[in-house]
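Subject: Structure handover and findings

Hello,

Please find the sequence and structure below, followed by notes on what was found.

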Amino acid sequence: MQNNFTIFNSLSRKKELFKPIHSPFVGLYVCGPTVYSDTHLGHARPNITFDLLFRYLTHLDYKVRYVRNITDVGHLEDETAGEGEDRISKKARQEHLEPMEVVQKYMNTFHRNLEQLNTLPPSIEPRASGHVIEQQEFIKQILANGYAYEVNGSVYFDILKYNEKYKYGKLSGRKLEDLQSNTRSLDSQQEKHNSFDFALWKKAAPGHIMKWPSPWSTGFPGWHLECSAMSVKYLGDVFDIHGGGMDLQFPHHECEIAQSTAALGKESVNYWMHNNMITINGQKMARSLGNFITLDQLFSGNHPALEQPYGPMTIRFFILQAHYRSTIDFSNEAMQAAEKGLQKLMKAVITLSKLNPSATSTINVDELRKKCYEALDDDLNSPILLSHLFDGVKIINSVVDGGEKIDATGLESLKELFNTLVFEILGLKDESTGKNDEKLTAELMKIIVELRQNAKTNKDWATSDKIRNELKSAGIALKDLKDGAEWERE
RNA sequence: GGUCGGUUAACCGAGUGGCUAGGUAGCGGUCUGCAAAACCGUUUACGGCGGUUCGAAUCCGCCACCGACCUCCA
C-alpha cells in the first residue's frame, strides 16, 4: 500500500515516512488514563489526537488495531510515604467504595466524555488488573535474561546491567550519570541496587487491598509494566505506533522500552508519538497541580474559571486548531474564538449541501483536495488542514454571493471532500441538529416568519423588529433575504 | 542544578532562508428600512543584541523571560 504519510518519531526526533510492518495491518497502542477521578480537559488532547490518527489511517484503508489501556492498579500515590498507597485504593477508602467500584465509576465517566467528544472506541481496551498473569510472565522473562533482581519479595529492574548492552535513556535523551546524581532518595532505595532502578513487582504492605499472589510475594505489578505486557500481547513483539502524552516520555515510556528490550531482546515500537500539553495561564493543566477543569464542567459551564459552557465539538475544534506537538493555552477568549470558527465551518457545510451547480466553474477543487491531504500527511497538521478548509468555506459562500461559480462535477467533489475531512477524519459533527422537537419548531417558525412578513409588507417595522428581537433572546436568529426570511438557532 | 522545548500581531495559533497560513476580535466598504449573515478591502508581528547572507521570523552565537521532564500525571 502506498502512502505519503509522515510521522514525527519522538525516538529519532525526525519526521519519517510511515511504513507499517505488515501492511495493510497497523498496530497502534496508546496509554490510557488511571481511573481514579473525573476526566479533565487535559485528557481530551491525546484522545482526540490519536483519534485523528486512527481515523486517518483507517481512511487510508489500513486495518488498524487500536489498543488503549485502562490503568486500574499499580500507580502509587507517593513512593516516599513508606508503603506507598495506590491511588485507586486511596480513593476507595475516601469514598467508602471497593477499589473496583472506583475504577468502574471513573471509567464510565471517561467513556461517556469521550463519546461526547466523538472519539471512536478503540479496538481493544485492556485493563491492567486483568493482565496480572501476563505481567508476571513478563517479569519472569526479564529475570531469566538477567536484567532484574529480587529483594525481599519485590523485583527491580537492573538498569546498570541493562545499560551494559543497551542504552537506557535514548527516548528522553537522558544520561545515566545525570540520573544517578539527580534521583531523589526514596525509602525503597535500600532494597534497590541503584536509585534509578524501578520496580517490576512490589511486595504488598500489610493492609494493602489490591494484591495478587506471585512467585516472589503477594503484591502488585510495577507502574510501567502493564503497557509493555499488554501491547505485546495484543499487537505482537514488534508493532507500529505507540502514543501518549509528552509527560509520559520519562520515565514511563523509557522504562517500557527497557522492559520490552530486556524481555524480548528487541524494541517493540517502530514509531513513538507524543502529544503536547494543554496549559492554563501558561502552566500545564494537571490533576496533581489542581488547575484542571473537568470535561463535565466545561460542558455545563459550572466552574469559576468558565464564562460560559462549551460544547464537546468546540473543545474538539479548539484542540484540532493547534498542532498536536505544540502546547495549547486554554482561555475563555480562545474557546469563544473556537466556537465561532466551528459555527462558521458547520454553516458552510449546510450551505454546501444546498448549493446549485452552474454550467461553468471557477474553482479548482482538486488543488484544494491536494493541499488538504498534504497537510494531513505532514505529521497530522490539523491547523493547516483547517486553514485550507476555511479557504473552502470562503469559496462556498462566494458561490452563494455570485462571485464564484461551480459546475456539477466540482460540486460533487467539493461535497465529498468536505464530508470526508470534516466528519470522517476530523470527527466533527453538527451539535445543533438532533433535537426531538425540530419538527414542531419548524412549523411554529413558519407561522412566525409569515406573520413577520405581513408586518413588513405593511411597513410595520415596530412589529417586525419586535418579533426578530424576541426571537433573538429566545436563541433564534432571523435573517432577511431578498424574498422571505430564514432562521437558525444561535 | 541537569536534560529538552518555547517566545509570532488584541487573543488562539501555522510557518525553517525570498511567494509574508487560518480562526476570533477591530476598522472601512458592498448588501439592507435598521441589523445580522455573507462577500470585498484593511490595521496591529515575528523576545533582545550581534553574526552569516544579495536577502532571516526562519541559520549561527550570546543574553533575557516562560514552560515541560528529572516523583504520579494525558
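Asp247 is partly exposed, with a relative accessible area of 39%; here buried means under 20% relative accessible area, exposed over 50%, and partly exposed in between, with a 1.4 Å probe and protein chains only. This is a predicted model, in which local features need pLDDT of at least 70 and side-chain atom pairs count only at pLDDT 80 or more, while totals for chains, interfaces and linings use all residues. Residues are numbered from 1 along each chain as its sequence is written, chains are lettered from A and ligands numbered from 1 in the order in which they are written, and side-chain values use heavy atoms, with hydrogens and water left out.

Salt bridges

Asp247 pairs with Lys284 in a salt bridge, and their closest N and O atoms are 3.6 Å apart. A salt bridge is a side-chain nitrogen of Lys or Arg within 4 Å of a carboxyl oxygen of Asp or Glu. This pair links distant parts of the chain, 37 residues apart: Asp247 is in the loop between strand 9 (239-245) and helix 8 (249-264), and Lys284 is in strand 12 (residues 283-284). Helices (H or I, at least four residues) and strands (E, at least two) are DSSP runs, numbered from the N terminus. Lys284 is partly exposed, at a relative accessible area of 31%.

The structure holds 22 salt bridges. One of them joins Glu95 and Lys105, with 3.4 Å between the closest N and O atoms. Glu95 lies in helix 2 (residues 87-95) and Lys105 in helix 3 (residues 99-116), so this pair ties together parts that are 10 residues apart in sequence. Both residues are partly exposed: Glu95 has a relative accessible area of 26% and Lys105 one of 40%.

Lys233 and Glu134 also meet through their side chains in a salt bridge (2.6 Å, N to O). Here the partners are 99 residues apart, with Lys233 in helix 7 (residues 225-235) and Glu134 in helix 4 (residues 132-144). Lys233 is partly exposed at 42% relative accessible area, and Glu134 is partly exposed at 21%.

Helix packing

Helix 12 (residues 365-377) packs with helix 13 (residues 382-401) at an angle of about 165 degrees, and their axes are 8 Å apart. Helix 12 is therefore roughly antiparallel to helix 13. Axes are lines fitted to C-alpha atoms, for helices over the stretch in contact, and angles run from 0 to 180 degrees between N-to-C directions; under 35 degrees counts as roughly parallel, over 145 as roughly antiparallel, 65 to 115 as roughly perpendicular and the rest as oblique.

On the helix 12 side, Leu368, Lys371, Cys372, Ala375 and Leu376 meet Ile384, Leu385, His388, Asp391 and Gly392 of helix 13, where contact means heavy atoms within 4.5 Å.

Two buried residues

Val393 is found in helix 13 and is buried, with a relative accessible area of 1%. Not counting residues up to four places away in sequence, Val393 touches Lys344, Leu345, Ala348 and Phe418. Val393 and Val349 are 44 residues apart in sequence, with their C-alpha atoms 8.0 Å apart in space.

Glu254 lies in helix 8 and is buried, with a relative accessible area of 1%. Its contacts, leaving aside neighbours within four places in sequence, are Tyr168, Gly169, Lys170, Leu171, Ser172 and Gln249.

Regards
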